[in-house]
Each structure stands twice: as C-alpha cells, then as structure tokens.
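Hi,

Have a look at it first, and then read on when you have a moment.

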Amino acid sequence: MKSQEKGTHVFETRFARITALKENGIIKTKSIRYAYSERFQKPVPVEPLGLDIVFPDKTPVCPQKISPLVEKMIGPTQIEDFNPDESTQYLSVIRPENFRENEKLPVVVWIHGGSHEIGCGDLPTADAGEWVKEQNIIVVNVSYRLGLFGFLGGDETRPPNLGLFDIIEALKWIRNYISDFGGDAENITLLGQSSGGDAIAHLMISDGVENLFQRVIIQSAPLGLRHKRQKMSAEFLRKTESLKNDPDIYKMMDEYGKYVPSVIKYGLKAAMPFGTQYGFPPLCNENEAVEKWKSVAGKYDVLIGLNNDETAFYLKTSEALNKYFGKGFGLKIMDKTVQKTTEFIYGKPAGQFAEDFARAGGNVYLFRIHSGLRDNQIGAAHCIDLPLIFGNASAWKPAELLKDVSWEYIHENGKKIRALWAEFARTGHISDASEKPEILSLRKVE
C-alpha cells in the first residue's frame with residue numbers, strides 16, 4: 001500500500017491498482033466492479049485488471065422508481081449524483097486511515113434494503129465512515145440488481161434470484177481480495193436491513209456460499225412475507241413479459257407499476273411484489289427452508305431483530321389514514337394495527353427463526369429497538385436502526401423519520417449499538433458486561 005498526496009490513498013491489490021479518497025480518518029474506495037451481466041443473465045465475475053480504478057464522479061445504481069415515502073421519511077434523492085446501470089455489480093470498501101501494516105480487521109458487508117426494488121450500496125444515509133473509525137473495522141457496501149432486473153423471473157428467459165447471485169459474486173470477490181485492504185477474509189459478517197436482511201437469511205441456505213461468511217446481522221427482515229409467493233410472482237412475471245426486451249430502461253420503470261399485484265388479492269405480501277423465490281437456484285423449495293436453516297446452525301453466528309414499531313413507517317405517515325385514525329379512539333386503533341402488523345411481518349418470524357436456530361445448536365441473539373421518547377409519535381419505526389448504526393448527522397438532517405428526535409439522542413444510543421454490533425462481528429458474541437443503551441433489549445436465545 002502506498003500513499004499519494006493528502007486526500008488520496010492507493011491500494012496495490014491483486015485485483016487492480018485502486019485509488020481511494022482519504023478524509024476524516026477513513027479511506028474509501030468506491031464503485032469497484034466485481035461482476036458484469038447481460039439482461040436477465042447470471043453475473044460473470046470480473047477478472048483481475050491491469051488497469052487503475054479511480055473514485056467515480058457518479059454512483060452506479062440499478063434503474064428504479066423514486067419512492068415518495070422514502071423521499072419524505074429519509075430524505076430526497078440527489079439524482080444528479082447517480083448513474084443508472086442495469087449491470088449493477090459494484091462494491092465499495094471503507095477502512096480506517098490509522099492502520100498497522102500486518103493488521104487484519106473484521107469485515108462487515110452491508111446489504112442494503114428497499115423491498116428488493118430500490119436503493120443501492122452507496123447512499124449517504126448508509127455511509128459507514130463514523131462506525132469504521134470508532135470501532136476499527138472494515139465495511140464493504142454492495143450494490144446488486146433489483147426489481148425487474150434482479151428479483152422477479154421464473155422461467156428460462158428470466159430466471160429469478162439474480163440479485164442473490166450478484167451478492168454471492170460480491171462475497172467471492174471480498175473473500176479473494178479483502179486482505180489487500182487489511183481485512184480478515186476469515187472474519188466476515190453480513191449486515192442487512194429490511195429486504196437486505198431477507199436476502200441474508202436466504203443466503204444462509206443458498207448453494208455456493210461455502211466459506212464466504214461466518215456471521216450475520218439481520219435487521220427488520222420481513223420474513224412474515226416470505227410464504228406462498230409463487231402465484232403472485234408468476235402473475236407479475238406474466239404481466240411484465242412485454243417489457244423484458246425494451247431497450248429503454250426509463251420506460252420499463254414507468255410501465256411496470258401498472259402490473260404490480262393487488263394487495264387485496266394476495267394480502268400483505270403484495271406490498272413487497274419483488275423478492276427471493278423458492279424452488280429456483282440458488283434456493284431450496286419453500287417447505288425445505290426451515291430444515292435448511294437448522295442444518296447450518298453450526299456454521300453461522302446470528303444476531304437478528306427488529307424495531308418495536310416497524311409498520312408505523314408506512315401507516316402513521318399516511319395522510320389518508322391520519323385523517324381518520326390520527327387522534328382519539330382512531331389513534332388507539334392505529335397503534336393496535338401497527339403492533340399487530342409489526343409482529344406478523346417482523347416480530348414473530350424473527351423470534352421463531354431465533355428459537356429454531358438455537359434448538360438446532362446455533363449461536364443466536366435476538367434484539368428489539370424501542371423508541372424511549374414519549375413525544376415521538378412514530379416510535380421505533382422501520383429504518384430507525386439506520387442512523388443508529390451509520391451515524392452521519394448531515395445525511396439524516398432532512399429525514400422526517402427523525403423530526404421529533406434530537407441527533408444527540410441518536411448519537412448517544414447509536415454509539416453504544418455500533419460498539420455491540422462490532423463486538424459481535426469480531427467474536428460472534430456479545431458480553432453481558434458490555435454497555436447497552438436503554439432503547440435496546442437484547443438476549444442470547446438458548
């Protein structure tokens with residue numbers, strides 16, 4: 001490894017010569033391509049390059065529709081900073097600047113959420129610089145195909161689970177090259193939130209992942225929506241057949257929304273129309289999944305949990321619902337609905353997963369994040385874990401999610417949670433003596 005002038009750092013890796021930015025105590029490479037793909041084809045790994053890789057001006061992102069809810073609750077998307085790319089196999093590496101030459105740091109691989117439909121690995125709200133510097137770890141952010149390109153499919157011309165195959169290729173790249181950045185290839189933890197957590201849970205039982213990771217942190221995975229999705233997916237696939245060869249990705253994004261399955265017909269699962277699909281590579285059949293998770297209990301350490309008021313993110317932010325259920329008896333009905341839907345989609349499935357894993361001999365911790373603030377109407381809603389884990393006050397400043405929460409409160413609690421999650425990433429355990437914030441309930445499941 002060689003340093004250039006202040007502000008840059010050059011990694012001489014077996015993959016390529018990679019120029020990174022050095023700022024505020026961290027070194028960050030960005031948008032390293034780990035694979036290529038043709039439309040609806042499996043990813044092909046990139047061979048070692050004889051070229052220089054430099055920090056790009058724009059971040060590659062899978063084509064997607066802007067979510068008004070995400071824009072409101074988390075913050076506006078700066079479209080000019082992103083470049084749509086169907087073949088969205090990129091990763092970024094964030095490492096502390098202060099580093100001993102022969103040191104091997106634990107590696108956390110971030111798998112972003114977004115209903116398998118929106119987002120990317122490199123967003124300011126998931127910039128791990130603060131965490132990396134505090135805990136002396138390496139974080140790798142992974143981008144992969146989404147939506148029509150990564151999580152639909154169901155036949156030979158449009159195979160499903162391509163997003164999972166992308167992530168597997170990223171993990172192979174990390175195993176092969178992370179030591180060139182000072183990371184420990186034998187100590188890799190996958191961290192995912194929402195659909196990213198769902199992806200990680202299914203990577204645990206995917207073919208082709210042997211020795212690619214040792215631990216998982218699954219936050220707010222909607223595992224209650226994983227069941228009996230076959231008919232819905234087949235209908236969605238059939239109705240979007242006319243779009244599959246369209247060269248205009250913007251038209252595809254404009255059009256596919258017309259064919260999203262009805263929530264009335266398919267129930268709550270239709271709120272997340274894209275997803276992992278059982279019975280197709282690299283996954284088993286649905287009725288085999290629980291036994292497969294039990295069978296890997298000896299391979300992976302697991303930290304799994306949720307936020308106490310997950311669905312308030314969707315329900316309590318609706319102007320239409322608040323018109324009738326925003327106060328008085330209506331608010332009591334709203335609170336009960338949030339409680340029941342949170343437990344159905346997130347809480348009970350996480351608890352069952354942890355219990356099954358523990359009974360099979362696995363090392364597993366179960367957590368729940370609470371609000372702790374009386375005046376915070378939305379409570380510990382979906383995505384509240386993100387500012388706690390990643391920090392980055394400036395990125396979260398416009399977030400409606402935090403309008404009733406001071407940043408000091410987020411930072412105070414987040415710093416403790418970041419330390420706990422890093423402890424788990426290092427060792428697979430969390431000591432009873434470790435400091436825990438009041439907003440976090442955490443227990444080892446026996």
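This is a predicted model: local features need pLDDT of at least 70, side-chain atom pairs count only at pLDDT 80 or more; totals for chains, interfaces and linings use all residues.

Ser194 is found in the loop that runs between strand 13 (183–193) and helix 5 (195–203). Leaving aside residues up to four places away in sequence, Ser194 touches Gly113, Gln219, Ser220, Ala221, Pro222 and His382. From Ser194 to Ile168 there are 26 residues in sequence, and the C-alpha to C-alpha distance is 18 Å.

One of those contacts, Ser220, deserves a note of its own. Ser220 lies in the loop between strand 14 and helix 6, and its relative accessibility of 1% means that Ser220 counts as buried. Its phi is near 55 degrees, a positive value in a residue other than glycine.

**Backbone geometry**

For context, most residues other than glycine have a negative phi, and most peptide bonds are trans. Ser31 is another residue to look at here: its phi is positive, about 55 degrees, although Ser31 is not a glycine. Ser31 belongs to strand 4 (residues 26–33) and is buried, with a relative accessible area of 11%.

As for the peptide bonds, the one from Pro281 to Pro282 is cis, with omega near 5 degrees. You will find Pro282 in the loop between helix 8 (263–266) and helix 9 (289–295).

**Aromatic pairs and charges over rings**

How many aromatic pairs are there? The count comes to 16. In one of them, Phe15 and Trp173 have ring centres 5.3 Å apart and planes at 80 degrees; edge-to-face means planes over 60 degrees apart, so this pair is edge-to-face. The pair links distant parts of the chain, 158 residues apart: Phe15 is in the loop between strand 2 (8–12) and strand 3 (17–23), and Trp173 is in helix 4 (residues 162–177). Phe15 is buried, with a relative accessible area of 0%, and Trp173 is buried at 3%.

Phe367 and Trp421 also form an edge-to-face pair, because their planes are at 65 degrees, with ring centres 5.0 Å apart. This pair too links distant parts of the chain, with Phe367 in strand 16 (residues 363–369) and Trp421 in helix 15 (residues 407–427), 54 residues apart. Both Phe367 and Trp421 are buried.

Ring pairs also join Phe11, Phe15, Trp173, Tyr177 and Phe181 into a cluster. On the charged side, the end of Arg95 sits over the ring of Phe99, 4.1 Å from the ring centre. Arg158 lies over the face of Phe40, with 5.8 Å to the ring centre.

In soluble globular proteins, nonpolar side chains tend to be buried together. Here the largest nonpolar core has 85 residues, and Ile174, Met204 and Phe213 are those with the most contacts inside it. Helix 4 gives the most to this core, with eight residues. Phe213 touches Leu171, Ile188, Leu190, Leu203, Met204 and Tyr300, again not counting residues up to four places away in sequence. Another core, of 50 residues, lies apart from the largest one, and includes Ile94, Ala128, Ile137 and Ala399.

**Cavities and pockets**

A search of the whole structure finds three cavities of 30 Å³ or more. The largest cavity holds about 90 Å³ of space. Its lining is made of 14 residues, of which His370, Ser371, Ile384, Tyr409 and Ile410 lie nearest the centre.

The second largest pocket contains about 220 Å³ of space. This pocket is lined by 14 residues, with Lys316, Thr317, Gln377, Glu400 and Lys403 nearest its centre. Helix 1 (68–73) and helix 11 (319–325) each supply at least two residues of that lining.

**Two further residues**

Are Ser233 and Asn211 buried or exposed? Ser233, in helix 6 (residues 230–239), counts as buried because its relative accessibility is 4%. Its contacts are Leu152 and Gln277, not counting residues up to four places away in sequence. Asn211 is exposed, with a relative accessible area of 63%, and has its place in the loop between helix 5 and strand 14 (215–219). Asn211 and Glu241 are 30 residues apart in sequence and 37 Å apart in space, C-alpha to C-alpha.

Best wishes

Conventions: Residues are numbered from 1 along each chain as its sequence is written. Side-chain values use heavy atoms; hydrogens and water are left out. Helices (H or I, at least four residues) and strands (E, at least two) are DSSP runs, numbered from the N terminus. Contact means heavy atoms within 4.5 Å. Rings of Phe, Tyr and Trp (its six-membered ring) pair if their centres lie within 6.5 Å; planes under 30 degrees apart count as stacked, over 60 as edge-to-face and the rest as tilted. Buried means under 20% relative accessible area, exposed over 50%, partly exposed in between (1.4 Å probe, protein chains only). A charge sits over a ring if NZ of Lys or CZ of Arg is within 6 Å of the ring centre and within 35 degrees of the ring normal. A nonpolar core is a set of buried Ala, Val, Leu, Ile, Met, Phe, Trp, Tyr and Cys residues joined through side-chain atoms within 4.5 Å. On a 1 Å grid over the protein atoms alone, a cavity is a set of points where a 1.4 Å probe fits but cannot get out, and a pocket is an open set with protein on both sides within 12 Å along at least five of seven lines; lining residues have an atom within 4 Å of a point. Grid points are joined across faces, edges and corners, and a volume is the space filled by probe spheres set on the points.
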